[in-house]
Amino acid sequence: MKTEFYQRTAYRLSEMPVPNCFLKLDEHFDLHLDPRIPREGGTHIALLLAESICARMADVEMYGYLMDDTRRRHRMDRDGDAKVAILTRSFLIGYFGAARALLDSGAATLATLFELDLERPYRTFGSAEFWQKFVTRAPNPYRRYHPMRIFFAEVLRWTNETVDRVPPLEAMRALFGQYSTREAHLKILDEGAVDLERLPEERRPLAWIDPLTLHDRWKPQFLSLCEKLCTEIANSVTTRES
């Protein structure tokens, strides 16, 4: 049965295209899921996992879009620079939350499909116990995700260091000047070695990044993760239903 699980996510409410991996997975469901499963119930675990991953990816893309759209929407407004800087920071916090939730959904999916028998706090890519159980129970699938651990660690580090990496606008004014450009006020720290308390007095060159550049850096990796997870879900359905 075609479930159209992606229509129960933010993709339905936007013009963002649904990633092909989710469309292909739903075609697989159409061939392999038992048609007696009620559409309203959504009781098949594969369907629940697919929708969870898709929803979180849609959230990531939604916040990326909102950060981009606010620049176009308010660029000519009176006091537009302040509006853009404030809204970008608010959307960025949502973006980090969605990014972390996508990773946690991915880890929970793998823990479920490969029966890793982990307590909920350890069903995360940031848990050493998760990776130990994963390599022990499913060494071949483990190899597909091990190269992504550096990326996972980067995302988790950003979410843990958000307070320092997304400084208040007052700190940005202290660093770049009261009449600095909009671009300066949009920047966030691309390093974790500086804490908020010392930031206004920091005199060494710091690594800064535009939030949209960070999104462009992460999005291909997120999509690659989704593709891998969709393959795992499809394989599990074929195996269990055959």
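1. Glu 115 sits in the loop between α3 and α4, and its phi is positive, about 50°, although the residue is not a glycine.

2. Keep in mind that this is a predicted model, where local features need pLDDT of at least 70, side-chain atom pairs count only at pLDDT 80 or more, and totals for chains, interfaces and linings use all residues. Residues are numbered from 1 along each chain as its sequence is written, and side-chain values use heavy atoms, with hydrogens and water left out.

3. Now the overall layout. The protein chain has 10 helices and two strands; these are DSSP runs (helices H or I of at least four residues, strands E of at least two), numbered from the N terminus. Along the sequence the order reads α-α-α-α-α-α-α-α-α-β-β-α. The C-alpha trace spans about 65 × 40 × 25 Å along its principal axes.

4. A few totals for the chain. Of its 242 residues, 47% count as buried. The accessible surface is about 12,800 Å², with 51% of it belonging to carbon and sulfur atoms; areas come from the Shrake-Rupley method with a 1.4 Å probe, and for residues only the protein chains shown count as cover. Taking contact to mean heavy atoms within 4.5 Å, 68% of the contacts between residues at least 6 apart in sequence join residues at least 24 apart.

5. On charge, there are 34 positive and 36 negative side chains, and the centres of the two sets lie 1 Å apart. Lys and Arg count as positive and Asp and Glu as negative, while His and the chain ends are not counted. Each charge is placed at NZ of Lys, CZ of Arg, CG of Asp or CD of Glu.

6. Next, the inside. A nonpolar core here is a set of buried Ala, Val, Leu, Ile, Met, Phe, Trp, Tyr and Cys residues joined through side-chain atoms within 4.5 Å. The largest one has 61 residues, and Phe 29, Phe 130, Trp 218 and Phe 222 touch the most other members. Helices α1 (20-32), α2 (45-74), α3, α4 (128-137), α5 (139-145), α6 (149-160) and α10 (211-241) each supply at least two residues of this core. Helix α3 gives the most, with 12 residues.

7. Trp 218 is worth a click. Leaving aside neighbours within four places in sequence, Trp 218 is in contact with Tyr 95, Phe 96, Ala 99, Phe 151, Glu 154, Val 155 and Trp 158. There is also a second, separate core of five residues, including Ala 171, Leu 189, Val 194 and Leu 206.

8. Have a look at α4. Its buried residues are Phe 130, Trp 131 and Phe 134. Viewed down the axis of α4, these fall within an arc of 90°, so they line one face of the helix; the arc is that of the directions from the helix axis to the C-beta atoms. They pack against α3, α5 and α6. On the other side of α4, Ala 128, Gln 132 and Thr 136 are exposed. As background, an α-helix has 3.6 residues a turn, so residues three or four places apart point the same way.

9. Just after α8, Gly 177 takes a positive phi of about 100°.

10. Thr 70 lies in α2 and is buried at 3% relative accessibility. Leu 113 belongs to α3 and is buried, with a relative accessible area of 11%. The C-alpha atoms of Leu 113 and Ser 236 are separated by 7.0 Å, with the two residues 123 apart along the chain.

11. Finally, Glu 4. This residue lies in the segment before α1, and its phi is near 50°, a positive value in a residue other than glycine. At 38% relative accessibility, Glu 4 counts as partly exposed.

Definitions and conventions. Buried means under 20% relative accessible area, exposed over 50%, partly exposed in between (1.4 Å probe, protein chains only).
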